[in-house]
Amino acid sequence: VSLNAGSSSVKFTLFDMGASGDLGELLYRGEASGIGNEPILVIKDREEKKILSRKLSNDASHETVIREIVDWIIEETSSHTLVAAGHRVVHGGNDFHDPTLIDEAVLARLEKLIPLAPLHQPHNLTAISCFAELLPDLPQVACFDTGFHHTNGPLSTTFALPRALTKEGIRRYGFHGLSYEYISSVLPDYAGELAHGRVIVAHLGHGASMCAMRERKSVATTMGFTALDGLIMGKRCGALDPGVLLFLMKEKAMDHDALSKLLYRQSGLLGVSGISDDMRDLLENPLEQAKEAVDLFVYRIKQELGSLTAVLGGVDALVFTAGIGEHSTFIRQQVCHDAAWLGVTLNAEANEVGNGRISAPESAVEVYVIPTNEDLVIAQHTISLTRS
């Protein structure tokens, strides 16, 4: 089973094992969404048929929700053997890059990284603890969202701070690594030899970032020390002048908790629009502030696209993925329109379909829409590590 415990949702995917011990077919996919606000648990089978839809208590915590999911998995697999659980863990710090078997010592080290990812890391670790309590003999594997970016060089990761702070681990890490790892793995199927060239991937969802790749490895990315940096997100601010924080601390008397709430939960698309943190809502809303939020979202992508292109010394392919990247024809159109200076030319009909290559034959930069699959990456790593 692959588990992804987010800030307001918990997703899981249950896979069958193949006869040879390799990863087999997807059996079930489930999500508990809206945690903290009328949560609901929905589970579908491999045919996408809904087999369970259950409203949960409004005050249900992540732990309560995860326990309910684990209980369902235990019941569903009672006539089979559950062989392993793999978890998305947002932050691996300096110590963890590769998928890692979890024991008490590893868990203790991961707990020390909670301040670096306060919105996600606690829930990631809660899921691990629940499985350990309910299924103590089950092997568990941590797969790190920072891991894919460990190939970034010092110029990409170092802040201009005193060296002592850098040595303590205050540096750029990057996130969404499991998504980028999947895109990297399937890119040759879409782009052929071009996949090994200069590629920029835009992971655009409620959380959003971009990654520059060369030879299908991460060279630079827009997120940094935490998942607050870079692009505008649903509720997160993205790149921000640190002086704004100093101003808010002094002039508005905002402490750590107030600033954390502001930056993680009240900013981004929600803060700019004052309407919603959901891109779909904003694209359908006629109010000017909704348009302003969408325009700012696209503008920041344009800025980061230019920055990452400079790092790569040019760009051969641009890839859209994640919720907004995969499903918003309009956002892709706007980003590509702004990238005309790079020689990007969109195929409007292909963009409407939104799968595979969406650039025109004459485009100097090939553009693709590739659905991401973090669950599959987690499951593959988990089977590989627990089988060896």
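Student: Okay, helices (H or I, at least four residues) and strands (E, at least two) are DSSP runs, numbered from the N terminus. What kind of model is this?

Tutor: This is a predicted model, where local features need pLDDT of at least 70 and side-chain atom pairs count only at pLDDT 80 or more, while totals for chains, interfaces and linings use all residues. Residues are numbered from 1 along each chain as its sequence is written, and side-chain values use heavy atoms, with hydrogens and water left out.

Student: Pockets, then. What's the volume of the second largest pocket?

Tutor: About 860 Å³, a volume being the space filled by probe spheres set on grid points joined across faces, edges and corners. A pocket is an open set of points on a 1 Å grid over the protein atoms alone, where a 1.4 Å probe fits, with protein on both sides within 12 Å along at least five of seven lines; lining residues have an atom within 4 Å of a point.

Student: Which residues lie nearest its centre?

Tutor: F225, T226, L228, L245 and L263, out of 24 lining residues. α7 (242-251) and α8 (256-265) are the elements giving two or more residues to that lining, and α8 has the largest share, with 5.

Student: New topic: how do β3 and β4 pair?

Tutor: β3 (residues 23-33) and β4 (residues 40-45) are antiparallel over 6 bridges; pairing takes at least two DSSP bridges. R29 stands opposite K44 in β4.

Student: And what's in the turn of that hairpin?

Tutor: There are 6 residues between the strands, and G34 in the turn has a positive phi of about 75°.
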